[in-house]
Amino acid sequence: MSVSGMSSFSLRADRRSLSLQRGWFIGGLSALLLAIFALTLMLGQSFTPPGDVLKVLLGQDVEGASFAVGQLRLPRAVLSILAGLSFGMAGVAFQTMLRNPLASPDIVGVSSGASAGAVFAIVVLSLKGTAVSFFAVASGLGVALAVYGLSFRNGVAGTRLILVGIGVSAMLESAIAYILTQAPEWNLQEAMRWLTGSVNGAQLSQAWPLLAVLVVCGGVLLTTSRNLTALRLGDDTAGALGVRVSVTRLLVIVAAVGLIATATAATGPIAFVAFLSGPIAARLVGPRGSLLVPAALIGALLVLAGDYVGQFLMPMRYPVGVVTGALGAPYLIYLLVRANKSGSTL
Amino acid sequence: MSLSGATASGSVSGRGGRATKSIMLGGLIALLVVFCMLSVSIGSRDVSLDEIIHGVLGRTDSFGEAAVAMRVPRTLLALIAGAALGLAGAVMQGVTRNPLADPGILGVNTGASLAVVVGVFWFNIYSVEAYVWAAIAGAGCTAAMVYTIGSMGRGGATPLKLALAGAATSIALSSLVIAIVLPRNDIAGGIRSWQIGGVGGASFDRILPILPFILFGLLISFASAKKLNSLALGDELAAGLGERVMLARLTAAIGAILLCGAATAACGPIGFVGLIVPHLCRLLVGVDHRWLLPLSSLAGAALLLIADIAGRIIAKPAELQVGVVTAFIGAPFFIWIVRHQRIREL
């Protein structure tokens, strides 16, 4: 008896130290994010001292800084963070649920669904702003549900969902390419830039719907996080542990797609953020426990830093999607190699 | 229908006798001839029978005859590219023993595109010959990379791992394509229409340079039919039969890469032909590659022709690029395969 008491004690201690470690990581990531946020507010074409930035944030008028910080840098940074949080969290939710690091929303068709809707709205219907967002969200959700429905056959198997998603996504990509050839020049630039994913011309008004969706869908994901973690053990084991697998899966899909589609509507499909955040978080925090929050923070860091790099550290101004895309490609290869070798899930 | 190949190729004679298969081959050739005639007579301009005959013979006196004369090289290109893609798909499915292998799904076409785009933008290549070399190099590198990544780890190159590796690679490469194209608006238009994949606007100048590559690819592929039959028995059994497995794989793969690289150089990336055609042909003649390969090339030509004709009818008086049409036929077919395979195999 004393032996079992000992082992359960040490297990508990082990678990406590683990959650402590997680706490440190999350705290550290948040601090880093805040620091970069502050830096992007101060640094641009010109330097704004921290005092002036603070004054602008508090709503005071500062000569020269009000416009640069309040109208340009702040909306951009806020939108980057919100979109990054959404992409990161939704991406890791998909990857965990489907037990495959490659099964991120970019790959299983959600992003191309949202993109197709938006490109259709921009080019064919000549819409702008909120209407485009509406189309992106609607078609992203529609495509995700279609993929889910098409892969339904005595329940949904993860592998089938991934493969159906790849097929649907290939079809949508060619539809997007076709719509783009029909575009007149002035819409083309807009559509292309949008397709690459960028936070150019961000406005604070864009941030509110994103924030609302982030709170609601992110909240749903966080409440299912325990079941989601159990799904990693396999459907059968999770079921034996008392998780209602198909309910959890549907809930996760709807919430994650809501996040992805809204963020995509605001910024375009920023390449690889949803894909990369989860594995990076798993690498840092360790594979145990829920990765939702760490991955969300990593996502925000990627977008925020990527946008800064694209704006100021390149020979010409690139949208953030180009930076994350170029960053993502080599990491993707490394990840594929590593994941396949160990046969691990994340 | 045995798609894994391993089980049914024990009875290599497949279904139907020699006579039945010969009849099918003959029937397919007859169908091709009909499609060719349709292809020169259907288009945005309606033409009379006289004009068709004169146009095919090369006279361009009236508008109708000129229109027909322009449809001739286009028909020829569709024939050649379709045959190449259908055959390449059959060979790839044989080499990887994978029912989902297709130059589009595995990202090989995107690799070819990226190589061509890089060539155009950074090395100023303009001739079709240079396109072909670039496309083949790109296709080869991508195929090797995707196959290596997909076959690492437990279970070797499973369809799921290959498809995921292909889809992920394809996203990475196309975001690189965008990154290269975006700043150069002047050339972007031409590249974009090439990227969809179409045979419109073909000329003999565009066809001639790819012919040697296609012929060479055809020869290699047909010559490896027997080897593919041995490979279908599984690596160990094939080795036991005296086959040098790696060498057999490599030569057959080179044949497929030559074919799809050359086709991509001339038409842009056209997806799904290589996926659909071998499956349909397997239904007709079984799994013996000595029949499957020739039949696949004929059926590929027929599919691409009829898809091109359909694209001209649907969007009359404009036209839908053949790549869009094949994607919209092919993706549902892909999903159908995924749904009807046992999960274990996928």
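Predicted model: local features only at pLDDT ≥ 70, side-chain atom pairs only at ≥ 80, totals over all residues.
How many helices and how many strands are there in chain A? Chain A has 14 helices and 0 strands, where a helix is a DSSP run of H or I with at least four residues and a strand is a run of E with at least two, each numbered from the N terminus. As for naming, residues are numbered from 1 along each chain as its sequence is written, and chains are lettered from A and ligands numbered from 1 in the order in which they are written.

Let me begin with the two chains. Read from the N terminus, the elements of chain A run α-α-α-α-α-α-α-α-α-α-α-α-α-α, and chain B has 15 helices and 0 strands. Of the 346 residues in chain A, 52% are buried, meaning that 20 or more other C-beta atoms lie within 10 Å of the residue's own, with 12 or fewer counting as exposed, anything in between as partly exposed, and the C-beta atoms placed from the backbone. In chain B, 56% of the 346 residues count as buried. If we take the contacts in chain A with a separation of 6 or more, residues 24 or more positions apart account for 76% of them, a contact being a pair of residues whose C-beta atoms, placed from the backbone, lie within 7 Å. The corresponding share in chain B is 77%.

Now to how the chains meet. The contact takes 37 residues from chain A and 38 residues from chain B. On the side of chain A that touches chain B, the elements giving two or more residues are α6 (158-181), α7 (185-196) and α14 (320-342) of chain A, and α6(A) gives the most, with 15 residues. By class, that side of chain A has 24 nonpolar, 9 polar and 4 charged residues; here Ala, Val, Leu, Ile, Met, Phe, Trp, Tyr, Cys and Pro count as nonpolar, Asp, Glu, Lys and Arg as charged, and the others, Gly among them, as polar.

Next, helix packing inside chain A. Two packed helices are described by the angle between their axes and the distance between the axes. Helix α8 (residues 204-223) and helix α11 (residues 245-267) of chain A have axes that come within 9 Å and cross at roughly 165 degrees, which makes α8(A) roughly antiparallel to α11(A). The axes are lines fitted to C-alpha atoms, for helices over the stretch in contact, with angles from 0 to 180 degrees between N-to-C directions; angles under 35 degrees count as roughly parallel, over 145 as roughly antiparallel, 65 to 115 as roughly perpendicular and the rest as oblique. The residues that meet include A:Leu210 and A:Val213 in α8(A), and A:Leu259 and A:Ala263 in α11(A). The residues of this contact divide into 14 nonpolar, 4 polar and no charged.

How does α4(A) cross α11(A), and at roughly what angle? The axes of helix α4 (residues 110-124) of chain A and α11(A) come within 9 Å and cross at roughly 40 degrees, and the two helices are therefore oblique to each other. Among the residues that meet are A:Ala114 and A:Ala118 in α4(A), and A:Ile260 and A:Ala261 in α11(A). Here the residues of the contact divide into 7 nonpolar, 3 polar and no charged.

B:Phe35 counts as buried because it has 21 C-beta neighbours inside 10 Å. Leaving aside residues up to four places away in sequence, B:Phe35 touches B:Ala302, B:Leu305 and B:Ile306.

Finally, a word on confidence. The mean pLDDT of chain A is 81, and 89% of its residues reach 70 or more, pLDDT being the predictor's confidence in each residue, from 0 to 100. Within chain A, confidence is lowest in α7(A), at a mean of 71, and highest in helix α13 (residues 292-312), at 90. In chain B, confidence is lowest in helix α7 (residues 185-196), at a mean of 68, and highest in helix α9 (residues 211-223), at 92. The model scores ipTM 0.78 and pTM 0.79.

Notes. Contact = placed C-beta atoms within 7 Å.
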